[in-house]
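Visitor: I would like to learn how to read a structure like this one, feature by feature. Could we look at it together?

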Amino acid sequence: MSALLDIKNLDAFYGDFQALFGISFEMAEAETVALVGANGAGKSTFLKCLTGLLPTPRQSILFRGENIAGTPSFQIARGGIAMSPEGRRLFPSLSVEENLLLGANVGRKGQWDLSAVHELFPILAEKRDIPATLLSGGQQQMVAIGRALMSNPALLLLDEVSLGLAPVIVRDIYAALPKIRSGGTAVLVVEQDIGMAMKVSDRLYCFQEGHVSLVGDAAQMTREMISAAYFGRQKEVQ
Ligand code: ATP
């Protein structure tokens, strides 16, 4: 496996409080991986470590062979990691198009530009001049994903895409994933919906209280195994 991400023994702290304990995590180029776990398991903290929002100096987060632990967020974005954050975090005073264009400021070249994002989510072309936060929740989620894609990432982080959205909308959004993958972008999906996580991913990790409680091929896992891993530490599935 060609390593896109290779993390060994990652600890993370908020002051004295330890949120992650010795996390080891790997992703290959163009792979789709799901990360699941109960509230407070450490999923968002893990994404914060990957994007430099939670500093982790002196640790080992290898991205394409280079240690990015301790690197400022803007440099990590320039290096090719983009996040569609939980809650979307769109700029209310900016239009849909202006929000999308913010992603391009990172300055990476690639297949993703306004017209490619419009092709992926045609409704965003229709609503291009409307303030982004006047859109429906599902459409706002599309803007957040589109904005992340506009930076042409090698690794796209999707945090809680389905939160608060109707199942039919979630399905529409995830329908875009094969097109994103086919361009060679790896995707890390943080998801509460276990069924969706299993369906869209090649491999799956479960965190429990800041530890990896389960890792393996999504196709080899059952809902029961994942449910058990939500509450108790388990093992590796091959
Ligand atoms: P959720 O699905 O609820 O977002 P999560 O798996 O993403 O959960 P985290 O948000 O990473 O979990 O939280 C992991 C632990 O870190 C929790 O115990 C949480 O209370 C704690 N935590 C998160 N953010 C902070 C913070 N800013 N300061 C202190 N503790 C925090």
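Visitor: Which residue stands opposite Val189 in E8?

Guide: Please keep in mind that this is a predicted model. Leu158 stands opposite Val189 of E8, and this pair belongs to the parallel pairing of strand E7 (residues 155–159) with E8, which extends over 5 bridges. Strand E3 (residues 32–36) also runs parallel to E8 and is joined to E8 by 4 bridges, with Val33 having Leu188 as its bridge partner.

Visitor: Which way do the side chains of E8 point?

Guide: In a regular strand the side chains alternate between the two faces of the sheet. In E8, Ala186, Leu188 and Val190 point one way, while Val187 and Val189 point the other way, and all of them are buried. With 5 of its 5 residues buried, E8 is therefore largely enclosed by the rest of the structure.

Visitor: What is the order of the strands in the open sheet, and what is the sense of the pairing?

Guide: The open sheet has 4 strands in the order E2-E1-E4-E5, and their pairing is antiparallel. Strand E2 (17–28) and strand E5 (66–67) are the edge strands, since each pairs on one side only. Between E1 and E2 the antiparallel pairing covers 8 bridges, and Tyr14 stands opposite Phe17 in E2.

Visitor: Turning to helices, which residues of H7 are buried?

Guide: An α-helix has 3.6 residues a turn, so residues three or four places apart point the same way. In helix H7 (residues 167–174), the buried residues are Val170, Ile173 and Tyr174. They cover an arc of only 95° around the axis, which puts them on the same side of H7.

Visitor: How many residues of H6 are buried, and how far does H6 reach?

Guide: H6 is mostly covered, with 12 of its 13 residues buried, among them Gln139, Gln140, Gln141 and Arg147 as well as Met142, Val143 and Ile145. From the first C-alpha to the last, H6 reaches 18 Å, which is close to the 18 Å expected for its 13 residues at 1.5 Å a residue.

Visitor: In the loop between H6 and E7, what does the side chain of Ser151 reach?

Guide: Ser151 lies in that loop between H6 and E7, and its side chain reaches the backbone oxygen of Ala148 at 2.8 Å. Ser151 counts as buried, at 4% relative accessibility, and, leaving aside its neighbours within four places in sequence, Ser151 is in contact with Ala82, Gly103, Val106 and Arg108.

Visitor: Finally, how many disulfides does the structure hold?

Guide: A disulfide is a covalent bond between the sulfur atoms of two cysteines. This structure holds 0 disulfides. For Cys49, the nearest cysteine sulfur is that of Cys206, 17 Å away, whereas a disulfide would need the two sulfur atoms within 2.5 Å. Cys49 is buried, with a relative accessible area of 2%, and Cys206 is likewise buried, with a relative accessible area of 0%.

Methods:
Residues are numbered from 1 along each chain as its sequence is written. This is a predicted model: local features need pLDDT of at least 70, side-chain atom pairs count only at pLDDT 80 or more; totals for chains, interfaces and linings use all residues. Side-chain values use heavy atoms; hydrogens and water are left out. Buried means under 20% relative accessible area, exposed over 50%, partly exposed in between (1.4 Å probe, protein chains only). Helices (H or I, at least four residues) and strands (E, at least two) are DSSP runs, numbered from the N terminus. The arc is that of the directions from the helix axis to the C-beta atoms. The expected span of a helix is 1.5 Å times one less than its number of residues. Two strands pair if DSSP finds at least two bridges between them. A polar contact is a pair of N or O atoms within 3.5 Å; within protein, one must be able to donate a hydrogen and the other to accept it, and residues adjacent in sequence count only if both atoms are side-chain atoms. Contact means heavy atoms within 4.5 Å.
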